[in-house]
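Trainee: I have a new structure on screen. Please show me how to read its features, one by one.

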Amino acid sequence: MKLSALRNRTALRTAAVALTAVLSVALAAGTGSADQDKASSVSSVTKEGRTWHLKVYSAAMGRDITVDVQRPVDESQPAPNLYLLNGLDAGEGTASWSAQTNALGFLSDKQVNVIQPIGGRGSYYADWIQTDPQLGVNKWTTFFTQELPPLLDATLGSTGLNSLAGLSTSGTSVLQLAEAKPGLFKSVAAYSGCAQIADPMGRQFVKLAVETWAGGNTANMYGPADSPLWAANDPVINAEKLRGTQLYVSSGSGIPLMRDVEFYTKSAPGVQGDVNLALGMIIEGAVNACTRNLQGKLDSLQIPATFRYDPVGTHYWPYWEEALHDSWPMLASGMGI
């Protein structure tokens, strides 16, 4: 074979490889652009009696989020939306309002859509600055304050009035969300949440939840300890943004009753049960201090709020269910019902 022919074949092969690479890049770029351009939307609705199971595509997170909705007692009439947020496992496991309480039963005769998002374990429902290897992409503040509300209003025919309640880690989150978009949530209830995150104690509380229990990394959340994002997302520091929002905040003391002891020892027999009981006492005691600091800040700003301090109680569900009942009139008022 002549040298010129070999050169021609080599040139053709090189050109083909180059063209294939260009086409691959173009196709990949086209696919990425399509994903980026995909708007937030309700992907599907599955109705199971009064419970609607929604799949809501979040453009910010690039995936579908499950949102369960208990429809109001009279579905023929518009109703407001009560966002009922779970704690650390974000409804992905059994540590949820629906599994641990009769909250849905209590709300079943109310003219309200009960919004129960599923997902976001260990995220504090925050907008993280980068993807976490364990917990993935988290842009929950964007989801709850920008993407989800108009989609729910359109899908449910709701009144456009919203309230928000959360416990433990989401007891912090509900205050952050209210501050992220003042006026979106007319009334907010926070049960046993540490309202401060930027000081050493509050930051350690967040690290304990996100890193020790959920396996994430707070450096991917707000950055290192000296990052200004910690202060920018601290509900106590930014308490002025809560002005005009009806507020209910509750905490126990950390002192256990017999039912607390039985709960922890039966849920994890042996030494682990004793350890869990001690943690429940310590956490609620710390939360009590955070809550009093929030009250002091709100008082200094002359921002009204209802605070409930139980003289007993550790960090678990019966106290949060009682607080939900106690705060319901305030939540209902904010929703116009």
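**Reading the model**

Mentor: Start with Lys-207, which is partly exposed at a relative accessible area of 27%. Buried means under 20% relative accessible area, exposed means over 50%, and partly exposed lies in between, with a 1.4 Å probe and protein chains only.

Trainee: What kind of model is this, and how are residues numbered?

Mentor: This is a predicted model: local features need pLDDT of at least 70, side-chain atom pairs count only at pLDDT 80 or more, and totals for chains, interfaces and linings use all residues. Residues are numbered from 1 along each chain as its sequence is written, and side-chain values use heavy atoms, with hydrogens and water left out.

Trainee: Which partner does Lys-207 meet in a salt bridge?

Mentor: General idea before the case. Side chains of opposite charge can pair when their charged atoms come close. A salt bridge here is a side-chain nitrogen of Lys or Arg within 4 Å of a carboxyl oxygen of Asp or Glu. Lys-207 pairs with Glu-211, at 3.2 Å from N to O. Glu-211 is partly exposed, at 25% relative accessibility. Helices are DSSP runs of H or I with at least four residues, strands are runs of E with at least two, and both are numbered from the N terminus.

Trainee: How many salt bridges does the rule give?

Mentor: The count is nine. Take Arg-71 and Glu-75, whose closest N and O atoms are 3.8 Å apart. Arg-71 is buried, with a relative accessible area of 6%. Glu-75 is partly exposed, at 35%.

Trainee: Which parts of the chain does the salt bridge of Glu-322 and Arg-259 tie together?

Mentor: The distance comes before the location. The closest N and O atoms of Glu-322 and Arg-259 are 3.1 Å apart. Glu-322 lies in helix 10 (residues 317–334) and Arg-259 in helix 8, so the pair ties together parts 63 residues apart in sequence. Glu-322 is partly exposed at 34% relative accessibility, and Arg-259 is partly exposed at 32%. Shared partners join Arg-259, Arg-308, Asp-310, Glu-322 and Asp-326 into one network of salt bridges.

Trainee: Now helix packing. How do I read the angle between helix 8 and helix 9?

Mentor: Two packed helices are described by the angle between their axes and the distance between the axes. Axes are lines fitted to C-alpha atoms, for helices over the stretch in contact, and angles run from 0 to 180 degrees between N-to-C directions. The axes of helix 8 (residues 258–267) and helix 9 (residues 271–300) come within 7 Å and cross at roughly 135 degrees. Helix 8 and helix 9 are therefore oblique to each other. The cut-offs are these: under 35 degrees is roughly parallel, over 145 roughly antiparallel, 65 to 115 roughly perpendicular, and the rest oblique.

Trainee: Is the crossing of helix 8 and helix 9 left-handed or right-handed?

Mentor: Right-handed. A crossing is left-handed if the near helix is turned anticlockwise from the far one by less than a right angle, and right-handed if clockwise.

Trainee: Which residues of helix 8 and helix 9 meet?

Mentor: Contact means heavy atoms within 4.5 Å. Asp-260, Val-261, Tyr-264 and Thr-265 of helix 8 meet Gly-273, Asp-274, Asn-276, Leu-277 and Gly-280 of helix 9. By class, this contact of helix 8 with helix 9 has three nonpolar, four polar and two charged residues. Ala, Val, Leu, Ile, Met, Phe, Trp, Tyr, Cys and Pro count as nonpolar, Asp, Glu, Lys and Arg as charged, and the others, Gly among them, as polar.

Trainee: At what angle do helix 6 and helix 9 pack?

Mentor: About 140 degrees, with the axes of helix 6 and helix 9 11 Å apart. That makes helix 6 oblique to helix 9. Helix 6 passes helix 9 in a left-handed crossing. Met-201, Phe-205 and Trp-213 of helix 6 make the contact with Leu-279, Ile-283, Ala-286, Val-287 and Cys-290 of helix 9. The contact of helix 6 with helix 9 has eight nonpolar, no polar and no charged residues.

Trainee: Is Thr-291 buried or exposed?

Mentor: Buried, with a relative accessible area of 0%. Thr-291 lies in helix 9.
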